[in-house]
Amino acid sequence: MKIKKEYIILAVITAALLLYLSQRSTDRTLYQLPDVPEISNSDITKIEINKNSTSIAISKEGDRWTIGPKKYPADTLKVKNILDVMGKLTLTALVSESKSYNRYNLDDANKITVKAFEQDKLKLEFDIGKAASSFRHTFVKIAGDERVFHARGSFRGKFDKTVDDLRDKTVLAFKVSEIDDIYITSDNKEISFSRTKSPVEVKETKEADTSNPKSQQTGITWQNASGKKGDNSKINRLLTTLSDLSCEKYLSGQSKDELINPVFTLLLKGTKSYKLSIFAKPDKADKNYPAISSENSYPFILSDSQVKSIMEDPGELLESKDNK
């Protein structure tokens with residue numbers, strides 16, 4: 001009877017313990033992740049990125065994004081990457097409540113504070129620290145919460161930018177097919193080429209149209225003012241390079257008007273005109289060239305390799321005897 005009573009007591013204690021354990025959160029679930037506001041890319045009209053004493057404001061004006069009070073055009077892809085992070089910000093775990101922020105690069109000297117606005121309404125604010133050792137998460141701190149969390153993804157690099165990093169570096173953009181005339185001035189040498197269309201005979205094949213055994217197709221050739229043929233492959237390669245030309249960086253503290261006497265000028269005419277002027281290096285040891293473009297309001301820098309692919313001797317663009 002005594003043993004039976006002990007079994008009953010043991011059973012009651014076990015049941016109570018199981019009930020307690022089932023209702024008690026484990027160490028991992030003693031906390032609740034804060035709610036991160038859901039924001040849509042299309043709703044955001046302003047982004048502020050602050051690091052140390054540096055602040056960058058990116059604002060939406062119509063369909064385009066601009067940077068700072070000077071309204072530099074922003075790189076749309078880089079802005080989209082920033083918006084995507086904010087719109088999909090997902091906290092996955094609590095990391096620390098100790099307020100030892102320096103170990104996560106969330107201290108004042110290293111954190112990046114991001115704010116997203118819809119007009120004048122603050123929609124989201126958070127601090128970005130370093131990436132976790134796995135590079136699958138980033139340490140973050142949500143405004144109003146002193147705790148450190150893991151956020152999904154490694155994204156600090158998308159925000160750790162300067163104004164120049166975020167500027168749109170495109171300095172020329174056009175379709176090669178729209179260009180009809182090319183004018184080149186280099187070291188006092190001038191040459192021009194015009195696009196011409198000439199019939200190209202297509203030899204008859206078994207699959208050819210029997211009603212038109214020697215059909216004609218139109219070929220594109222380039223000729224200079226004297227009627228000499230240009231080297232099509234070189235000219236088309238040059239136009240392809242220019243059709244989507246991005247600079248290395250922008251020149252600070254200078255305006256386009258301050259750059260004079262270019263060493264190389266390209267004028268392209270078609271549905272509209274495009275002009276690129278390249279200037280001598282300020283110092284022979286420099287690896288970059290100052291330049292300006294009709295399609296950009298600011299002077300910029302082209303790398304040595306870019307200039308080499310553009311600044312050919314005009315005579316080299318004529319068709320050689322070997323290529324005839």
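Which residues does Gln223 touch, not counting residues up to four places away in sequence?

**View 1. Surroundings of Gln223 in the predicted model.** Beyond its sequence neighbours up to four places away, Gln223 touches Ser192, Phe193, Ser194, Thr196, Lys228, Lys229 and Gly230, where contact means heavy atoms within 4.5 Å. Gln223 lies in strand β13 (residues 216–224); strands are DSSP runs of E of at least two residues, and helices are runs of H or I of at least four, both numbered from the N terminus. The C-alpha atoms of Gln223 and Phe193 are 5.1 Å apart, although 30 residues separate them along the chain. With a relative accessible area of 27%, Gln223 counts as partly exposed, a class between buried (under 20%) and exposed (over 50%), using a 1.4 Å probe and protein chains only.

**View 2. The largest nonpolar core.** This core holds 32 residues, and Ile47, Ile58, Met86, Phe126, Phe155 and Phe159 touch the most other members. Helix α2 (residues 76–87) supplies its largest share, 5 residues. A nonpolar core is a set of buried Ala, Val, Leu, Ile, Met, Phe, Trp, Tyr and Cys residues joined through side-chain atoms within 4.5 Å.

**View 3. Contacts of Phe126.** Apart from neighbours within four places in sequence, the contacts of Phe126 include Met86, Leu89, Ile112, Lys141 and Phe155.

**View 4. The second core.** A separate core of 29 residues includes Ile179, Ile182, Ile191 and Leu239.

**Notes.** The model is predicted; local features need pLDDT of at least 70 and side-chain atom pairs pLDDT 80 or more, whereas totals for chains, interfaces and linings use all residues. Residues are numbered from 1 along each chain as its sequence is written, and side-chain values use heavy atoms, without hydrogens and water.
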